[in-house]
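Let's walk through this structure together, one region at a time. Have the sequence and the 3D view side by side, and follow along as we go.

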Amino acid sequence: MMTSSLTRPIFDLGAELCYVSNGGFAHAGSRANVSDAPLGAATARWPKSNVRILTKGESTFMALAQNYDQQDCPVARALELIGERWTMLIIRDCFLGVSRFNDFLEHLDIPKATLSSRLAKLVDSGVLKRKEYRTGQSHYVLTKQGEALWPILYGLAAWGEAYHAPRRGPRRIFSHAICSTVLDSSGACPSCKIIPAASDVVIQPGPGAILNFRDDAVERALQKPHRFLSRLANSEPTAKRRE
Ligand SMILES: [Zn+2]
C-alpha cells in the first residue's frame, strides 16, 4: 500500500493504479486522463467489479491483471499463455530435447511450484503432452500445437541476436542439418530455399556465447552442435524419439 497526498477520492481501475491528475482521473498505464466524471464513466468502460473507490487521501497499487480479457485480440489470447514469465523458456527447452521435470528445474533455476504450474497450464492448453515412463517419472513433449511455436521461438532468437547480441557476435548459430548452411533471420536456409522444420535445425554456440556460463547437463550438452527435438547428451531419450 502506498500513501499519497491526494486530497480527493480516486478510482482504482482494474488492477492498475489510478490517481487524480489535472482534476480528472488518470490511468497509470497511459498517464492520460480517463475521465473527469465520477464512478459512472469508469464503470461504463471497465467491469464494475474492477472499479474500486478509494477513500480520501488513499492510494493503492495492486498486482497487474493476470489476463488480457479486455482485449479482443489473438495476440492477447496467445500472450495469456506463452507470455507468462518462463513459459517460452520451458518451450525452448522442449525444442532442445529437455523433457524431464528435474532437467527443466536444473536448467531454468525456477521454483518447483512455478515450473509445475507452467507445465500444467501448457498441458491443459494442448501445447505439451505429459507422458509417464514405466518408472513413474513424468516427461513433457511438444504436441503438434506446441511444435507450431517454432517460428515464433526462432523469430525471438533472431530478433534478440539482431538487436541485443554482444559485440562479439551471436550467442547461438542455427543451421540447416541437411547442408550445414546458417539460417537467415526468417529461419530459411539460403542454399536449399526452404524453411526447415525444427527437427532439421542444428544449434551450436556462436562467438557471443559465454561457455561454462552455466554448469548443468543441458548446458554442457549444448556446447556441441545439437539438433533440435533430439536427445540431449547425458539425458534419457526424449519422449519424441521413443514415439
Ligand atoms: Zn539447406
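Helices (H or I, at least four residues) and strands (E, at least two) are DSSP runs here, numbered from the N terminus. Although Leu229 is not a glycine, its phi is positive, about 65 degrees. Leu229 counts as buried, with 20 C-beta neighbours inside 10 Å. The cut-offs are these: a residue is buried if 20 or more other C-beta atoms lie within 10 Å of its own, exposed if 12 or fewer, and partly exposed in between, with C-beta atoms placed from the backbone.

A word on what you are looking at. This is a predicted model, in which local features need pLDDT of at least 70 and side-chain atom pairs count only at pLDDT 80 or more, while totals for chains, interfaces and linings use all residues. Residues are numbered from 1 along each chain as its sequence is written.

Ser180, however, is exposed, with 11 other C-beta atoms within 10 Å.

Three strands form an open sheet in the order β8-β9-β10, with antiparallel pairing; two strands pair if DSSP finds at least two bridges between them. β8 and β10 are the edge strands, each pairing on one side only. Between β8 and β9 the antiparallel pairing runs over five bridges. Phe174 has Ile203 in β9 as its bridge partner, and Ile173 stands opposite Gln204 in β9. β9 and β10 pair over two bridges, again in the antiparallel sense, and here Val202 stands opposite Arg227 in β10.

Leaving aside neighbours within four places in sequence, Phe95 is in contact with Trp150, Leu153, Ala198, Phe228 and Leu229; a contact is a pair of residues whose C-beta atoms, placed from the backbone, lie within 7 Å. Which residues touch the most other members of the largest nonpolar core? Among its 25 residues they are Cys94, Phe95 and Leu128. Such a core is a set of buried Ala, Val, Leu, Ile, Met, Phe, Trp, Tyr and Cys residues joined through C-beta atoms within 7 Å. The elements that give two or more residues to this core are α3, α5, β7 and α7 (150–164). The most comes from α3, with five residues.

Next, look at α5 itself. Helix α5 covers residues 112–124, and at 1.5 Å a residue its 13 residues should span 18 Å, which agrees with the 18 Å between its end C-alpha atoms. The expected span is 1.5 Å times one less than the number of residues. Arg118, Leu119 and Leu122 are the buried residues of α5. Seen down the axis of α5, these buried residues fall within an arc of 95 degrees, so they line one face of the helix; the arc is that of the directions from the helix axis to the C-beta atoms. What covers them includes α3 (87–96), β6 (128–132) and β7 (138–142). On the other side of α5, Lys112, Ala113, Ala120 and Asp124 are exposed. Just after α5, Gly126 takes a positive phi of about 85 degrees.

α4 is followed by Asp109, whose phi is positive, near 55 degrees.

Finally, step back to the whole. The protein has nine helices and 10 strands, and 19% of its 243 residues count as buried. The average pLDDT (the predictor's confidence in each residue, from 0 to 100) is 78, and 68% of the residues score at least 70. Over residues 54–63 the pLDDT is below 50, and this stretch has 26 contacts in the model beyond near neighbours in sequence. Where pLDDT is low, the predicted coordinates should not be read in detail.

Definitions and conventions:
Contact = placed C-beta atoms within 7 Å.
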